[in-house]
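Dear colleague,

I am passing on the structure below, together with notes on what was found in it. Please look through the structure first and then read on.

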Amino acid sequence: MRTVIVTGGNRGVGLATARHLAGRGYNLILVCRDEQRGRAALESLHSPVSQGNHRLVVADLASLESVREGARRITGTGAPISALVNNAASLPPKRVESRDGFELQLAVTHLGHFLLTNLLLPQLRDAPAPSRVVTVASAAHSGPPFNFRDPNFERRRYRRRQAYQQSKLANVLFTAGLARRVAGTGVQAAALHPGVYDTGLLRNYLGRIPGGGVAARVGTSRTEKAGPVVAELAVGRRDEDLNGLYFHKGARAAPSATGRDTRAQERLWSWSAEATGLEAVPAGGEAGAGPGSGDQRELGSVLTDSPEMPLR
Ligand SMILES: NC(=O)c1ccc[n+]([C@@H]2O[C@H](COP(=O)([O-])OP(=O)(O)OC[C@H]3O[C@@H](n4cnc5c(N)ncnc54)[C@H](OP(=O)(O)O)[C@@H]3O)[C@@H](O)[C@H]2O)c1
């Protein structure tokens with residue numbers, strides 16, 4: 001039975017994705033930071049028609065030690081992984097530091113996923129090709145370049161939307177760097193904007209809205225609709241090579257110019273490897289734990305249209 005991992009699978013887009021995949025007969029591993037919330041989500045995956053062998057791994061993506069421990073528990077099962085959905089994100093109103101001293105959004109949304117993905121690559125390669133790493137980014141990644149001089153907002157005023165934009169840009173840059181490293185190994189890396197849904201994160205992004213609900217203001221879709229959108233890239237389109245591609249919901253799209261910047265992609269990879277204590281591997285070398293083919297295709301380089309819509 002095929003296994004899919006979803007981070008932040010206890011609510012919002014992550015839970016919708018997990019439920020959809022459970023309904024299609026996949027075994028789910030939910031990576032959640034809170035045991036109680038994770039267990040409740042796990043329970044909700046079972047239905048009379050879907051009784052998969054689902055598991056919860058409690059891990060806090062804001063802690064590198066916790067991510068390593070969570071990855072150990074997953075690798076301990078030895079099960080090949082068909083897809084890893086890097087979905088979790090955090091959007092605090094004020095600047096908060098992770099346990100390791102990184103700005104929290106960057107820590108959860110990017111560094112935790114960077115480390116988890118690299119540690120799970122051997123199991124992704126063990127699954128029948130193609131296996132996928134799908135990172136849930138956002139159209140909100142569009143904007144200024146990644147600020148390598150001050151990634152943690154130590155020398156500039158913290159603005160939550162700016163930090164969100166940077167963390168989502170990191171998702172896109174990371175996917176491109178990963179795609180180069182896994183090309184030819186049977187693993188494919190893709191990123192997407194999933195659509196706009198009325199979730200806790202969207203409410204934090206928009207802040208207080210006087211005189212109206214989030215849904216009325218921005219025209220959100222029902223969150224369950226995110227499930228098939230994300231799942232399609234994780235386990236669908238098996239005849240297509242999605243490696244290095246960005247999607248706006250289900251449609252291929254061009255990431256922003258800052259997302260297509262190859263130098264920034266590689267610089268972020270080296271910075272992240274150092275930050276997480278992984279060995280930095282140049283594209284075309286060995287990714288985390290395995291060989292890459294040296295394919296230098298850029299994320300978005302083969303794309304045409306450019307709906308750089310901001311997250312509304
Ligand atoms: N909603 C939208 O309109 C929209 C649009 C574009 C992109 N996205 C992207 O979709 C993804 C999911 O967002 P959402 O809207 O579904 O948000 P959400 O409902 O707020 O869910 C966020 C998930 O991330 C988890 N999480 C937060 N911090 C964590 C940590 N330190 N360790 C582990 N898990 C952690 C949360 O767990 P807890 O329950 O424990 O807090 C929750 O399960 C995000 O990457 C977001 O950027 C969403």
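Helix α4 (residues 104-126) packs against helix α9 (residues 262-276) at an angle of about 80°, and their axes lie 10 Å apart; axes here are lines fitted to C-alpha atoms, for helices over the stretch in contact, and angles run from 0 to 180 degrees between N-to-C directions. The two helices are therefore roughly perpendicular to each other, a term for angles of 65 to 115 degrees. On the α4 side the contact is made by His110, Leu111, Phe114 and Leu115, and on the α9 side by Ser272, Ala275 and Thr276, where contact means that C-beta atoms, placed from the backbone, lie within 7 Å. By class, this contact has four nonpolar, three polar and no charged residues (Ala, Val, Leu, Ile, Met, Phe, Trp, Tyr, Cys and Pro count as nonpolar, Asp, Glu, Lys and Arg as charged, and the others, Gly among them, as polar).

Please keep in mind that this is a predicted model, in which local features need pLDDT of at least 70 and side-chain atom pairs count only at pLDDT 80 or more, while totals for chains, interfaces and linings use all residues. Residues are numbered from 1 along each chain as its sequence is written.

The secondary structure of the protein comes to nine helices and 10 strands, taken as DSSP runs (H or I of at least four residues for helices, E of at least two for strands) and numbered from the N terminus.

Leaving aside neighbours within four places in sequence, Leu30 is in contact with residues including Val6, Ala18, Leu42 and Leu56.

Arg160, which lies in helix α5 (residues 160-182), counts as partly exposed because it has 17 C-beta neighbours inside 10 Å. Beyond its neighbours within four places in sequence, Arg160 is in contact with Leu91, Pro92 and Pro93.

As for the ligand, its shell of residues divides into 14 nonpolar, 10 polar and five charged, and α1 (12-23) and α6 (200-206) each supply at least two of the shell's residues.

Methods: Angles under 35 degrees count as roughly parallel, over 145 as roughly antiparallel, 65 to 115 as roughly perpendicular and the rest as oblique. Two residues are in contact if their C-beta atoms, placed from the backbone, lie within 7 Å. A residue is buried if 20 or more other C-beta atoms lie within 10 Å of its own, exposed if 12 or fewer, and partly exposed in between; C-beta atoms are placed from the backbone.
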